[in-house]
Amino acid sequence: MQIPGPSAVPDRILKAIGQQTIDHRGPDFAQVGLKALEGMKTIFKTEQHVFIFPSSGTGAWEAALVNSCSPGDKLLMFETGHFASLWNKMARRIGLEPEFLEGDWRGGAEPDRIEARLREDKAHEIKAVCVVHNETSTGSVSPIAEVRKAIDAAGHPALLMVDSISGLASIDFRFDEWGVDVCVSGSQKGLMLPPGLSFNAVSARALEHSKSVTMPRSYWDWQDMVVPNQTGYFPYTPGTNLLYGLNEAIDMLHEEGLDNVFARHARHGAATRAAVRAWGLETLCMRQGQESGVLTAVLMPYGHSADAFRATTLKHYDISLGNGLSKVADKVFRIGHLGDFNDLMLMATLSGVEMGLAQAGVPYHSGGAQAAMEHLKETTEERLAAE
């Protein structure tokens with residue numbers, strides 16, 4: 001399974017999840033809950049609250065919006081791809097008024113355009129800027145720190161809300177340092193868990209702001225979480241066994257070291273792009289420096305079906321690759337290289353893709369897997385020399 005999430009679940013985490021369920025209101029659970037709540041702060045790199053919901057990432061999107069907005073509030077969103085578009089659609093469905101800055105799906109959000117639009121908003125009607133950190137549909141990364149600088153340069157009070165569902169624990173993210181107000185994430189990507197947990201990291205400013213907004217909410221209410229979370233508990237039944245796994249995942253990430261995790265993902269992304277170039281194909285993300293270490297989206301040659309290629313590769317080599325979504329449906333395939341992933345797994349994946357290109361009759365140049373292997377060898381030698 002080489003889709004860009006859900007990612008493979010390591011045996012250590014599966015074993016942790018398989019422990020016996022305990023009373024989520026009993027004394028033994030407090031240690032589990034506190035470890036998860038405090039541990040996730042280290043992953044978000046924050047001293048602020050992190051709320052954990054039993055839900056998909058879509059639930060975390062909704063939690064972020066309903067705790068930050070009142071009906072009819074205006075938002076500024078940037079079209080980086082399919083998932084930015086879905087967040088925009090959700091905002092409209094729940095009674096908000098998002099303005100969607102058009103993008104070409106070939107890179108991340110553009111801070112200069114965000115700043116220009118905020119400068120036009122003299123009455124400060126825009127209440128939040130919403131940006132996707134790692135756009136899973138395109139393999140592009142938005143410069144979140146630069147977006148914050150753009151908001152500040154415009155002198156605008158809008159909250160900065162970020163979706164890092166596929167970015168967190170795979171590529172660098174710094175909630176406090178970058179001045180993020182709300183960050184949304186999920187369990188099934190860099191955290192190496194099955195789907196089922198989602199997260200809102202929340203600044204003190206955003207938490208205080210949530211007390212005065214009037215969007216209807218119950219299940220998602222941050223304020224209901226604050227007091228029980230202080231002692232490791234939740235206002236309703238949490239995902240007990242997934243929390244066991246989350247605590248194991250946090251331990252694993254820190255054992256490797258977050259900087260090492262980020263470097264590994266960046267290295268695998270660069271090796272994959274080397275393979276794509278050698279094949280004579282093109283990545284969907286075309287802005288240098290914004291390419292993702294989580295996944296690589298590859299454009300198919302004109303007249304060739306990405307879905308037919310994916311079906312051929314699955315049939316003959318048992319590799320499940322990610323499909324193109326909405327605007328790029330049947331035009332791209334996506335190679336996931338995230339989570340519990342190493343050099344050997346990457347080489348197996350790229351070899352399968354190269355054989356699949358040949359099997360499906362897609363025009364390409366051979367040697368992509370070899371180019372990736374050369375990159376991995378060179379970077380390994382550099383790392384060993386530095387040590």
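The model is predicted, with local features requiring pLDDT of at least 70 and side-chain atom pairs pLDDT 80 or more, whereas totals for chains, interfaces and linings use all residues. Residues are numbered from 1 along each chain as its sequence is written, and side-chain values use heavy atoms, without hydrogens and water.

**Helix α12**

Helix α12 (residues 343–359) has 17 residues and reaches 24 Å from its first C-alpha to its last, close to the 24 Å expected at 1.5 Å a residue. Helices are DSSP runs of H or I with at least four residues, strands runs of E with at least two, both numbered from the N terminus. Just after the helix, Gly361 adopts a positive phi of about 75°.

**Largest pocket**

The largest pocket holds about 360 Å³ of space. Of its 20 lining residues, the closest to the centre are Glu256, Asn260, Val261, Ala263 and Arg264. Helix α10 supplies the largest share of the lining, 7 residues; α9 (240–256), α10 and α13 each supply at least two. A pocket is an open set of points on a 1 Å grid over the protein atoms alone, where a 1.4 Å probe fits, with protein on both sides within 12 Å along at least five of seven lines; lining residues have an atom within 4 Å of a point.

Terms used. The expected span of a helix is 1.5 Å times one less than its number of residues. Grid points are joined across faces, edges and corners, and a volume is the space filled by probe spheres set on the points.
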